[in-house]
Protein chains: 2
Amino acid sequence: MKRVYFHRDSKREAEGTYDWLVDEVKELGEDLKNEDKESLEDEFADVLAWLASIANVLNIDLQKAALTKYNNRCPKCGQARCICSF
Amino acid sequence: MKRVYFHRDSKREAEGTYDWLVDEVKELGEDLKNEDKESLEDEFADVLAWLASIANVLNIDLQKAALTKYNNRCPKCGQARCICSF
């Protein structure tokens with residue numbers, strides 16, 4: 001993602017890129033009841049792509065961030081099978 | 001993520017889990033100007049975690065979906081270094 005889009009995303013900066021993420025999240029929400037799995041996969045890919053774009057602009061390693069917080073355990077209850085009450 | 005949260009996410013179903021994603025995306029937006037990188041990484045991790053949770057409920061492989069659409073190329077212009085006008 002960085003190689004394909006960073007030159008554009010860095011001009012747009014994090015806030016401008018964030019607006020695109022919000023649009024894609026809305027599209028995903030509208031598509032959730034869609035029974036066409038390919039179309040749904042497409043929307044998931046878009047949300048992840050824009051999330052990665054913002055992370056790249058901010059020089060954040062998305063995968064590392066996720067693995068640091070969610071390392072096969074729920075960070076709230078500390079369990080490998082979450083027992084939080086939400 | 002599936003092992004830690006699927007038993008909870010599957011009860012909540014995709015739409016209920018989506019509401020949590022929207023909340024986390026809002027928190028990320030509020031945190032974008034935060035200069036504390038650790039806090040920002042935390043928000044990115046949360047958004048990715050909820051996105052993965054919805055994908056799990058729908059039996060969608062998030063990583064595969066992203067690699068299918070964005071395989072080192074922009075799916076719109078087909079270039080390895082995007083030249084789209086957005």
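Modeller: Happy to; we will take the interface, then the salt bridges, then the pocket. Keep in mind that this is a predicted model.

Colleague: How many residues of chain B are in contact with chain A?

Modeller: There are 53 residues of chain B in contact with 53 residues of chain A. The area buried between the two chains is about 4,700 Å², and carbon and sulfur atoms give 67% of that area.

Colleague: What about polar contacts and salt bridges between chain B and chain A?

Modeller: Between these chains there are 20 residue pairs in polar contact, with both residues at pLDDT 80 or more. Helix 1 (2-31), helix 2 and helix 3 of chain B each give two or more residues to the side that touches chain A. Helix 1 of chain B gives the largest share, 16 residues. By class, that side of chain B divides into 34 nonpolar, six polar and 13 charged residues.

Colleague: Why does Lys33(B) with Glu15(A) join two chains?

Modeller: The general idea is that side chains of opposite charge can pair when their charged atoms come close. Here, the closest N and O atoms of Lys33(B) and Glu15(A) are 3.5 Å apart, and the two form a salt bridge. Lys33(B) lies in the loop between helix 1 and helix 2 of chain B, and Glu15(A) lies in helix 1 of chain A, so the pair joins two chains. Another salt bridge has the side chains of Asp42(A) and Lys69(B) meeting at 2.8 Å, N to O.

Colleague: Which helix gives the largest share, and how does the lining divide by class?

Modeller: Helix 2 of chain B does, with six residues. The lining has 22 nonpolar, seven polar and three charged residues.

Notes
Residues numbered from 1 in each chain as written. Chains lettered and ligands numbered in written order. Predicted model: local features only at pLDDT ≥ 70, side-chain atom pairs only at ≥ 80, totals over all residues. Heavy atoms only, no water. Helix = DSSP H or I, 4+ residues; strand = E, 2+ residues; numbered from the N terminus. Nonpolar A, V, L, I, M, F, W, Y, C, P; charged D, E, K, R; others polar. Contact = heavy atoms within 4.5 Å. Buried area = accessible area lost by both parts, 1.4 Å probe. Salt bridge = Lys/Arg side-chain N within 4 Å of Asp/Glu carboxyl O. Polar contact = N/O pair within 3.5 Å; in protein donor to acceptor, adjacent residues only side chain to side chain.
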